[in-house]
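Here's a friendly walk through one protein chain. Have a look at the sequence and the model, then read on.

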Amino acid sequence: MNHPGEVQGIAVGIDADGENIPAVVVAARSELLPIVVTTDQARAIQLAVTGEAFERPLTHDLLVEMLTEFGGAIDKVRIDDVADGTFYAKIDAERYENGEPQRFVFDARPSDAIALAVRVDCPIEVSDIVLDAAGQPPERFDFGDESDADGSERREDLDDLDDFGDFGDEG
C-alpha cells in the first residue's frame, strides 16, 4: 500500500565518521523518512520548497519546462522500494496525443523524483515496504524551527540522528 508523503524539509545528520550529511525528510504514515542526498540535491529541493528562484534554471526546472512544452505532465512520484539501504523511486507521467492519454513510468532516484514533485506540486507516495524498512518516529527528530537573528526562517536542521547512513543511500 502507498501512503501520501509530504516533504518536511532538508535536514542534516551525522554519519559514522562524524561528517554532516544532508537528507530530505518526507512525512508519511505518521512517520518520518530521511533520505540521504548530496548537497546539490538538497539545495535543489530546498529552493523548490521555499519557492526561491536560482539565477539560471536548474536541471529539474529545465526538465519540467521541456516536459510541459512537449505536452507532458508528471502525475505523481512514488518512493516504492528499498534494497541494501538504497531507495528506489518511480515517476508517473502522461501526455495526450489525439485526445488519448499515453502513460509513462520512469525509474528515478528519490531525490530527483522529489525535486520534480515539489516543482510541479504533484503527489508524493511512499510504500509500506519503504516505511517499514526506514520510517522513523517523529520524536526521534530534533528540528530547529526558530528564525535567524535577521528574522528569516532558518533551514531545518537535524542534529541528533547519528545513524542516518543506515538507510537512505541513493546509490
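Which helix holds Leu 62? Leu 62 sits in helix H2, covering residues 59-69. Before going on, note that this is a predicted model, where local features need pLDDT of at least 70, side-chain atom pairs count only at pLDDT 80 or more, and totals for chains, interfaces and linings use all residues. Residues are numbered from 1 along each chain as its sequence is written, and side-chain values use heavy atoms, with hydrogens and water left out.

**The overall layout**

The chain has 4 helices and 7 strands; helices (H or I, at least four residues) and strands (E, at least two) are DSSP runs, numbered from the N terminus. Follow the sequence and you get the order β-β-β-α-α-β-β-β-α-β-α. There are 171 residues, and 44% of them count as buried. Buried means under 20% relative accessible area, exposed over 50%, and partly exposed in between, with a 1.4 Å probe and protein chains only.

**Two helices side by side**

Helix H1 (residues 39-50) packs with helix H3 (residues 110-120) at an angle of about 15°, and their axes are 8 Å apart. That angle makes H1 roughly parallel to H3, a label for angles under 35 degrees. The crossing of H1 and H3 is left-handed.

**Back to H2**

Leu 62 has a relative accessible area of 43%, so Leu 62 is partly exposed. Together with Met 66 and Phe 70, Leu 62 makes a nonpolar surface patch of about 330 Å².

**Charged pairs**

Side chains of opposite charge can pair when their charged atoms come close. In this structure, a search finds 11 salt bridges, each a side-chain nitrogen of Lys or Arg within 4 Å of a carboxyl oxygen of Asp or Glu. Here are some of them:

| Salt bridge | Closest N and O atoms |
|---|---|
| Arg 119 with Asp 61 | 2.6 Å apart |
| Glu 94 with Arg 103 | 2.4 Å apart |
| Asp 112 with Arg 109 | 3.0 Å apart |

Asp 61 is partly exposed, at 29% relative accessible area.

Key. Patches are made of residues with over 30% relative accessible area and no salt bridge: like charges are joined within 9 Å, nonpolar side chains (Val, Leu, Ile, Met, Phe, Trp, Tyr) within 5 Å. Accessible areas come from the Shrake-Rupley method with a 1.4 Å probe; for residues, only the protein chains shown count as cover. Axes are lines fitted to C-alpha atoms, for helices over the stretch in contact, and angles run from 0 to 180 degrees between N-to-C directions. Angles under 35 degrees count as roughly parallel, over 145 as roughly antiparallel, 65 to 115 as roughly perpendicular and the rest as oblique. A crossing is left-handed if the near helix is turned anticlockwise from the far one by less than a right angle, and right-handed if clockwise.
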